[in-house]
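Here is a short briefing for a reader new to this structure. Look at the sequence and the model, then work through the points below.

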Amino acid sequence: LLLWFLFLVINVVRAVFQIQRKQTVLPHRLFWWGGGVLALLALIILPLSGRFVSRLLSTRFTEEAVIVREDLNRVAIALIREHPLTGVGLGNFLFESINFKEPATPLYLAVQPVHNIFLLVAAETGLLGLFLFGWLLLFSWHHAGRDGRILLLMVLLIGLFDHYLLTLQQGQLLFAWVIGYCYSTSERIRR
């Protein structure tokens, strides 16, 4: 949610500056200003919230969310071992993962993808698909400017802990936008 809000604020501020000045604004300045303002707001508002502080201090590795994520990682690795080259097919992680779940697992916990885009890509498309996905990311990194690299790094860090960049439409749009932004700022492509 915070990432979406950050992108919204940055793009609104960027559009306002471009309209007022009728020129291109340096995206990295806008990015750092927008991020700085949001970080300052977070530093002021979040500590004042007693619920936030108590939740942060009470987080343990034995919580259901952590255990479920570990289980999904285990299932993804088992699927990769079983289908190393081609994977189980795009969108088939949910169907195939049920075979690896404990029978007592509640359905709402059994039917969700692994919370790591790299494991999800490897499980669904195999190591060949993971290689192509990695090639896309490296190629995008190579062609991106400084701002594109920062955005790509943010998206990839989120991808280590959540799957929505590949499984939900909003995440797919965000991911595609970041990849496109990396290429649009490239001097190599413009030549």
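**Aromatic pairs and overall layout**

Across the whole structure, a search finds five aromatic pairs. Rings of Phe, Tyr and Trp (its six-membered ring) pair if their centres lie within 6.5 Å; planes under 30 degrees apart count as stacked, over 60 as edge-to-face and the rest as tilted. This is a predicted model: local features need pLDDT of at least 70, side-chain atom pairs count only at pLDDT 80 or more, and totals for chains, interfaces and linings use all residues. Residues are numbered from 1 along each chain as its sequence is written, and side-chain values use heavy atoms, with hydrogens and water left out.

**Aromatic rings**

- A pair of aromatic rings is described by the distance of the centres and the angle of the planes.
- Tryptophan 135 and phenylalanine 139 form a stacked pair, at 5.1 Å centre to centre and 15 degrees between the planes.
- These two residues, tryptophan 135 and phenylalanine 139, are separated by about one helical turn, because they are four residues apart in helix 7.
- Phenylalanine 139 also forms a tilted pair with tyrosine 183, at 6.0 Å centre to centre and 40 degrees between the planes.
- That pair links distant parts of the chain: phenylalanine 139 is in helix 7, tyrosine 183 is in helix 10, and they are 44 residues apart.
- Phenylalanine 139 counts as partly exposed, at 32% relative accessibility.
- Tyrosine 183 counts as partly exposed, at 22% relative accessibility.
- Buried means under 20% relative accessible area, exposed over 50%, and partly exposed in between (1.4 Å probe, protein chains only).
- One aromatic cluster is formed by Phe118, Phe133 and Phe175.

**The chain as a whole**

- The chain has 11 helices and zero strands.
- Helices (H or I, at least four residues) and strands (E, at least two) are DSSP runs, numbered from the N terminus.
- Of its 191 residues, 33% count as buried.
- The accessible surface of the chain comes to about 12,500 Å², and 70% of it belongs to carbon and sulfur atoms.
- Accessible areas come from the Shrake-Rupley method with a 1.4 Å probe; for residues, only the protein chains shown count as cover.
- Among contacts (heavy atoms within 4.5 Å) between residues at least 6 apart in sequence, 65% join residues at least 24 apart.

- Helix 10 (residues 169–184) has 16 residues and reaches 22 Å from its first C-alpha to its last, close to the 22 Å expected at 1.5 Å a residue.
- The expected span of a helix is 1.5 Å times one less than its number of residues.
- Buried residues in helix 10 are Gly171, Leu174, Phe175, Val178, Ile179, Tyr181 and Cys182.
- They cover an arc of only 160 degrees around the axis, so they lie on the same side of helix 10. The arc is that of the directions from the helix axis to the C-beta atoms.
- On the other side of helix 10, Gln169 and Leu173 are exposed.
- Helix 8 has 14 residues, which should span 20 Å at 1.5 Å a residue; its end C-alpha atoms are 20 Å apart, which agrees.
- Buried residues in helix 8 include Asp147, Ile150, Leu152 and Val155.

**Two buried loop residues**

- Asparagine 116 is found in the loop between helix 6 (107–110) and helix 7 (117–143).
- Asparagine 116 is buried, with a relative accessible area of 13%.
- Not counting residues up to four places away in sequence, asparagine 116 touches Asn73, Gly159, Leu160 and Asp162.
- The side chain of asparagine 116 reaches the backbone nitrogen of phenylalanine 118 at 2.9 Å and that of leucine 119 at 3.2 Å.
- Histidine 163 is found in the loop between helix 8 (146–159) and helix 9 (164–167).
- Histidine 163 is buried, with a relative accessible area of 12%.
- Leaving aside neighbours within four places in sequence, histidine 163 is in contact with Pro113, Val114, His115, Ile117 and Leu120.

Terms used
Polar contact = N/O pair within 3.5 Å; in protein donor to acceptor, adjacent residues only side chain to side chain.
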